[in-house]
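Thanks for making the time this morning.

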Amino acid sequence: MKPIILTSPLQGWASPLEAVPDPVFAERMMGDGIAVDPTGDCLHAPCDAVVLSVHASGHAITLRTPEGAEILMHIGLDTVALGGRGFSPCVTEGASVQRLDPLIRFDLDLLVCEARAVITPVIVTNPERFTIVRRETGKLVGIGEAIMTLEPRDAADVAVVEGDTVRRTIVVPLVHGIHARPAARIGEIARKFVSEVKITKDEREGNVRSPVALMALGVKLGDEITLAATGPDAADALAAIGDLILGGMGEKAGSGAPTPPAASPPTSVFPREGGGPGITNDGAAGSWAPASAGEQGARKPATTLPADGRLPGVTASPGIAIGQAGLFRLAAIAVTREGTGATAERAALDAALGLVADRLARKSATATGAERAILSAHTALLDDPTLTEDAHAAIAQGDSAAYAWRTAIRGQADALKATGDARLAERADDMLDLERQVLRALAGEDLDERLSFPAGTILLADDLLPSHLLGLDTASIVGFCVERGGPTSHVAILAATMGLPALVAVGPALAEIAAGTPLILDAGAGLLHVAPDAETQATAQTAFDAQTERRRAALANAAQECRTQDGVRIEAFANLGSADDAEAAVRNGAEGCGLLRTEFLFLERDSAPSVAEQTADYQRIADTLAGRPLIVRLLDIGGDKPAPYLPIAAEENPALGLRGIRVGLAHPEMLDAQLRAILAVRPAGQCRIMVPMIASLAELRSVRTALDAAAAATGHTEHVALGIMIETPAAAVTADLLASEADFLSIGTNDLTQYALAMDRGNPAVASDLDGLHPAVLRLIARTCEGGAVHGKWTGVCGGLASDPLAVPILIGLGVTELSSAPALVPEIKALVATLTIDACRAHAAAAMNCISAADVRTLARSFRP
Ligand code: PEP
Ligand code: MG
């Protein structure tokens with residue numbers, strides 16, 4: 001059967017059903033579809049059909065297409081109450097109509113005045129037979145313009161009854177297969193039935209009530225799976241679960257996401273802040289080491305400790321730390337196999353599970369951002385019946401609670417890893433984390449106790465995850481060194497946010513350092529000194545004391561307005577990812593937020609945050625900033641920042657694919673929800689909106705249209721500043737065109753550098769050459785500032801260069817008037833700006849643009865004296 005194309009019955013703004021302020025439609029109780037906010041006064045046929053019914057009040061009509069799809073159109077909300085006033089049906093029941101034929105004329109003015117809303121849902125009321133494979137929303141549509149495509153559900157999908165078992169075989173349409181979110185949702189539906197339901201794939205079977213078991217099947221897009229239900233309501237259970245999966249669960253392939261994920265998604269989701277490879281913080285920030293291997297061209301990570309004890313790495317966050325090695329390795333927890341009796345062991349396990357569940361619930365109540373996401377993943381896994389059933393079965397065989405739990409977890413975690421899917425492998429890490437928590441509860445350990453180190457610890461790890469940091473007492477940690485990772489890895493931004501010096505991509509030699517070894521970390525110079533001699537120690541101590549004094553003085557003056565020595569105003573803003581960051585920013589004298597990375601709310605979740613959730617998060621940050629401007633960046637997801645629930649197909653070249661605002665424009669309902677959430681923050685005007693990854697004026701115009709629509713729909717009348725990020729060379733060289741319509745420009749130097757130099761910002765192999773002070777990048781920045789100035793628009797920098805003391809005088813000389821850096825660095829940036837004069841900066845910037853390499857620019861910058 002061919003797909004059925006439905007065209008718009010009205011002229012107006014097309015929205016997803018969620019936009020309808022009535023749960024009957026928004027929650028799809030009547031079926032699936034879209035809604036149109038009309039600007040005309042006649043409802044037309046969306047396809048050739050027969051009229052099944054016209055409501056007595058004339059406000060609603062149902063059609064049936066020749067293929068059997070039933071379409072309900074309901075003009076406005078609560079319009080039945082008008083008792084027919086304002087509606088003039090043009091057709092009667094049983095009539096045959098053709099696409100575009102007028103069906104109901106209505107008095108739009110009357111509806112606007114008297115109805116609750118005029119938004120008109122267009123609903124497929126038999127979604128069990130037809131699925132919507134394409135829908136056009138978030139835009140103006142004209143009568144006759146295609147708005148939905150329907151396809152009949154798989155004809156081969158028939159239930160077969162064998163004894164008391166019913167089977168149904170279906171082909172999975174989910175673009176990411178059955179990963180955590182669909183698995184959890186399927187489990188939720190399955191629990192509403194008493195029958196036992198299992199899914200089989202390639203002769204492996206999983207109970208649908210267990211998300212872990214389902215995930216472990218590794219079901220991918222296009223896989224054939226068999227559902228088998230046994231019990232009194234088997235047929236209903238199969239119908240519900242099969243239809244749920246076939247309905248796409250919001251992740252159906254087809255609308256721009258046709259291929260299954262092939263390769264592992266990149267793992268680095270946190271962008272770089274506060275430095276980069278080879279960035280030294282001498283000069284204003286006072287490094288003491290000579291130029292090192294860490295800042296000179298391509299660097300191979302050391303495999304063994306060099307004889308001179310100088311271990312190079314890539315700067316993630318600059319600064320000097322003096323201390324001793326602390327090894328971040330979780331101690332193994334020993335468990336004995338033999339139990340003390342099934343009853344006692346079972347009770348012990350259940351009590352430990354209860355303790356962990358309580359702790360997760362307690363912590364979730366106050367957690368935000370990435371922490372909340374981690375906690376909710378742990379809560380869902382702890383709830384999984386397969387884990388508890390497997391553990392109880394082992395206990396019944398005589399195993400101890402600890403041994404049984406560990407075996408249950410490891411079995412499932414191994415199965416997840418064996419799927420080869422990076423998303424599922426991440427869940428396996430979560431499970432191992434949970435294993436430890438339950439084992440510690442069984443051992444009677446205090447779960448809230450954090451892993452602590454002696455004061456002055458420089459933490460050495462092969463990798464550090466946000467969940468690891470949650471379990472660490474960071475007060476005694478003075479720096480990090482990580483074996484793996486790149487300058488954009490999560491540890492880089494975490495270190496910068498915590499104001500700690502850090503190196504990444506140090507290499508396997510790091511593992512040879514014993515706990516307690518004296519260390520000097522000169523992160524700005526890209527060096528770790530292992531067991532330094534007395535002379536090196538003395539020099540480092542002098543530099544460290546100078547750094548401490550400089551920071552103390554900068555912090556003491558941090559409340560002052562940021563100006564150059566000759567009085568030019570430079571706004572000193574901070575980059576934020578959470579309300580905690582906002583608190584740190586205010587403490588450090590930030591004058592506003594130049595970049596709120598809203599993707600922190602969206603990552604590591606299995607579903608998109610609602611408008612209310614988003615508003616609450618933005619409002620908390622706005623309140624913490626106490627009236628200071630808050631520049632909210634629209635979701636910058638895709639590329640190196642995957643969101644598990646978003647059906648973005650695997651891309652060969654994700655950095656050049658669907659990312660940044662391209663995702664928002666491809667998923668207008670998501671963009672609309674975020675715009676509404678930002679508009680709802682009070683006081684109106686505190687939030688400004690910033691669009692990431694702009695490559696053309698057309699994209700900005702589309703966002704402006706969506707913003708206007710969101711403002712109109714929510715009754716928001718105040719002007720909202722709409723600015724753009726300059727992250728593509730295309731945007732930089734057309735900044736004059738963009739600035740004619742953008743309210744401000746903010747340069748994302750992390751991406752601008754990767755795109756200008758054609759070096760992947762997540763690839764450790766090119767990490768040491770990926771330097772924003774390359775003259776090519778500086779010339780693009782100059783071009784941007786000139787373009788902004790043509791229209792009197794300001795240009796700022798919110799990428800890593802704004803946190804680099806060597807770059808700041810050059811940026812100001814190029815015309816940048818706003819710098820948004822890591823919160824902990826704001827006092828030093830302000831102090832540095834206060835030493836500069838604009839003429840000296842301009843001359844310095846001109847010379848920098850004429851250098852032949854980033855290394856030359858750095859040499860020049862080190863000799864610059866304000
Ligand atoms: C940038 O690209 O410089 C930027 C600030 O955005 P992000 O690092 O979040 O990609
Ligand atoms: Mg960017």
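Let me begin with the angle classes: angles under 35 degrees count as roughly parallel, over 145 as roughly antiparallel, 65 to 115 as roughly perpendicular and the rest as oblique. This is a predicted model, in which local features need pLDDT of at least 70, side-chain atom pairs count only at pLDDT 80 or more, and totals for chains, interfaces and linings use all residues. Residues are numbered from 1 along each chain as its sequence is written, and side-chain values use heavy atoms, with hydrogens and water left out.

Helix α18 (residues 668-679) packs with helix α19 (residues 697-714) at an angle of about 55°, their axes being 9 Å apart, and the two are therefore oblique to each other. Helices here are DSSP runs of H or I with at least four residues, and strands are runs of E with at least two. Taking contact to mean heavy atoms within 4.5 Å, L671, D672, L675, R676 and L679 in α18 meet A706, L707, A710, A711, A713 and T714 in α19.

Two other loops deserve a look. A531, in the loop between β27 (527-530) and α13 (534-556), has a positive phi of about 45° although it is not a glycine. A626, in the loop between α16 (611-625) and β30 (630-633), likewise has a positive phi of about 45° without being a glycine.

Note on methods
Chains lettered and ligands numbered in written order. Axes fitted to C-alpha atoms, helices over the stretch in contact; angles between N-to-C directions.
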